[in-house]
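Please keep the view open as you read.

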Amino acid sequence: MPTDVRLGRIGACALVCGIALHGLHDSASAADPVTQERLLNPDREPGNWLHHHRDYASQRFTPLNQINRDSVKNLRVAWTMHLGGTEGGGIWSHGGLEGTPIAENGFLYVTDGWGSVYKIDTRGGRGRLVWKMDPKTDRDWAGAVACCGVNNRGVALWGEMVVSHTLDGRLLATNKETGEVAWHRQVADPEKGETITGAPLIVKDLVITGVAGAEYGIRGWIAATDMKTQKEVWRTHTIPAKGEPGSETWKDSHNAAATGGGSTWVTGSYEPSTNTLYWGVGNPGPDWDHEYRPGDNLYTDSTLALDPDTGRIKWHFQHTPNDPYDYDSAAEKVLVDLPAAGGQAARRLALTADRNGFAYALDRANGGFVWGTQFVKRVNWTSGLNPETGKPNEYDPNKAVQPYVAASIPNRQNAKAVICPGNMGGKNWPPTAYNPALRYWYIPVIESCNTITNEVMKPGESFKPREFFTGGGPSQHERITGSVTTIDATTGKIVAKLETHFPQLGGFLASRDLLFGSQPDGEVFALDAKTLEKLWSFHTGGGVNAPPMTFTVDGKQYLAVLVGLGGAWDKWFIDSTPELKTVPPSSTLYVFAL
Ligand SMILES: O=C(O)c1cc(C(=O)O)c2c(n1)C(=O)C(=O)c1cc(C(=O)O)[nH]c1-2
Ligand SMILES: [Ca+2]
């Protein structure tokens with residue numbers, strides 16, 4: 001780290017840090033650098049929220065319990081703050097908010113869709129902006145190659161830096177005290193259709209970055225940058241190069257792998273005991289013309305386990321081989337340890353709720369299939385998962401083009417097909433949450449079917465840099481709704497379901513006896529952790545498209561959620577939820593307290 005940056009921090013600390021110590025009740029002090037030790041032990045400072053998914057296991061569970069089953073009825077707005085980021089750019093008329101705030105010692109760090117970072121002082125029962133870092137994102141350049149909205153899902157903390165991404169492909173390190181950008185690095189290249197929407201993940205001194213762009217014919221990757229040297233340490237492509245293991249699953253003769261997708265746009269998980277990174281991989285490209293890319297198309301639609309020091313892939317599990325539906329497997333991986341019980345050995349699971357409508361438990365040791373459960377009401381593309389392998393029943397490893405249920409496949413013989421789940425999937429990026437005492441895993445569900453029209457992609461002709469390379473497109477022929485679905489991780493069985501009027505586009509936060517979530521019409525709610533009975537609800541007046549989180553300051557627990565409907569819904573799926581057409585674009589942080 002350059003010395004001038006350190007001096008800047010100390011200078012600012014004279015003004016700010018003395019006061020900061022005042023409001024503390026957590027074990028860390030305001031000026032504490034965020035070390036690997038702290039990132040490994042989030043429960044030592046339960047009033048903070050240091051990781052995108054709160055902990056490395058991505059459980060989004062808080063031990064805080066002032067807001068509980070009895071007190072939640074008294075939850076009300078404590079304060080709000082209007083942020084920016086609603087400008088349009090490229091193919092987008094406005095930005096939205098999908099971020100999870102990070103909380104450290106009374107300060108929140110939040111992003112808007114264009115990657116501006118806001119440091120907010122929350123002491124004293126209200127919010128005050130300390131600084132705003134505007135990265136001056138090239139809105140048209142990036143917004144022209146963002147498939148699914150002006151999205152930025154939040155920051156990470158490392159040392160005395162706030163680490164963030166921008167849609168136009170940069171990684172930035174901003175001085176936490178001053179808001180000055182210490183350095184930045186171009187990691188993704190919008191010239192190739194690459195953007196970044198996911199929050200960074202810090203592992204030791206590395207920051208891990210995932211890429212978006214599978215709808216633009218990118219060749220996906222995950223990259224690690226050393227925060228100390230500012231240099232790239234590794235970049236693992238999710239589509240193997242010719243001759244590498246997995247390259248044999250691209251069986252065409254026109255190099256479909258070069259434009260084969262495999263984005264990595266949702267933040268993954270980390271397991272310290274085995275030094276393993278778990279990360280999801282998005283759809284193959286072109287999305288809806290799978291005859292263009294015969295073969296299983298590894299590692300698209302897969303869960304990967306990687307060595308965070310080298311980027312080496314330890315194992316993979318592919319959910320939808322030769323996918324004709326756009327069923328990205330980008331979603332977060334929830335790491336859950338189950339003790340031996342009922343004749344069953346102890347299990348180390350990675351849970352993931354896939355867009356294809358099935359929730360999976362994988363064995364973290366080797367990627368083995370443990371259980372799979374259909375969590376949406378309607379699945380029409382397969383008759384189910386093979387209980388031994390976890391592959392769709394129709395999957396035939398000897399076939400280059402997969403024969404899933406014929407009527408569901410948009411292809412060259414069947415240009416229009418109805419698919420269930422629709423291409424947004426049974427669950428998209430909004431995160432699940434897990435209650436470790438109940439062993440309940442909560443999935444924010446989209447209950448949908450939609451219509452896909454195939455367009456034949458021609459080798460050497462159809463692919464054009466920075467243009468959609470999707471092999472067709474979706475339309476909405478019916479209403480889309482949602483549900484909150486609870487799965488018992490020990491059995492894989494659904495134990496509760498609350499149907500919601502709208503699809504679940506925000507994601508969840510679990511506490512000991514509550515589950516917090518939202519609806520895109522503006523409602524924020526708290527449910528009973530066991531029964532999903534609605535115990536509290538508030539209408540924010542703007543569309544909610546982001547997960548709630550919680551923190552404490554001055555000994556008091558707060559619930560925070562960003563409000564501002566953005567993402568993919570507006571452009572691609574709004575016809576299925578006509579009421580949402582009149583939800584105004586907004587950009588507000590809501591903070592609730594008892
Ligand atoms: O494959 C990709 O690169 C990619 C990226 C993103 C994104 O970065 O937001 C989305 C998708 N795919 C996608 O398929 C999708 O349905 C989607 C919804 C959203 C959203 O924020 O609402 N993003 C994305
Ligand atoms: Ca995608």
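How many helices and strands does the secondary structure of the protein chain come to?

1. Overall make-up. The protein chain comes to four helices and 35 strands; here helices (H or I, at least four residues) and strands (E, at least two) are DSSP runs, numbered from the N terminus. Its radius of gyration is 22 Å, close to the 25 Å that the globule rule gives for 594 residues, so the chain is as compact as a globular protein of that length. That radius is taken over C-alpha atoms, and the rule is 2.2 Å times the number of residues to the power 0.38. The C-alpha trace spans about 70 × 50 × 50 Å along its principal axes.

2. Before you read on. This is a predicted model, in which local features need pLDDT of at least 70 and side-chain atom pairs count only at pLDDT 80 or more, while totals for chains, interfaces and linings use all residues. Residues are numbered from 1 along each chain as its sequence is written, and chains are lettered from A and ligands numbered from 1 in the order in which they are written.

3. Confidence. The mean pLDDT (the predictor's confidence in each residue, from 0 to 100) is 94 for the protein chain, and 95% of its residues reach 70 or more. Please take care with residues 1–28, where pLDDT stays under 50. For the complex, the predictor gives an ipTM of 0.99 and a pTM of 0.95.

4. Over residues 49–373 the chain is 2% helix and 33% strand, with the end C-alpha atoms 31 Å apart.

5. The interior. Of the 594 residues, 59% count as buried; a residue is buried if 20 or more other C-beta atoms lie within 10 Å of its own, exposed if 12 or fewer, and partly exposed in between, with C-beta atoms placed from the backbone. The largest nonpolar core has 166 residues, of which Val163, Leu515 and Ala560 touch the most other members. Such a core is a set of buried Ala, Val, Leu, Ile, Met, Phe, Trp, Tyr and Cys residues joined through C-beta atoms within 7 Å. Beyond four places in sequence, the contacts of Leu515 include Ala433, Val484 and Phe508; two residues are in contact if their C-beta atoms, placed from the backbone, lie within 7 Å.

6. A hairpin to look at. Strands β20 (residues 358–363) and β21 (residues 369–374) run antiparallel and are joined by five bridges; strands pair if DSSP finds at least two bridges between them. Ala359 has Thr373 in β21 as its bridge partner. Five residues lie between the strands of this hairpin, and Gly367 takes a positive phi near 80 degrees.

7. Backbone details worth checking. Which peptide bond ending at Pro286 is cis? The bond from Gly285 to Pro286 is, with omega near -5 degrees, and Pro286 sits in the loop between β15 (276–280) and β16 (302–306). Another cis bond runs from Leu298 to Tyr299, again with omega near -5 degrees, and Tyr299 is found in the loop between β15 and β16. Lys136, in the loop between β5 and α3 (139–143), has a positive phi near 55 degrees, and it is exposed, with 12 other C-beta atoms within 10 Å.
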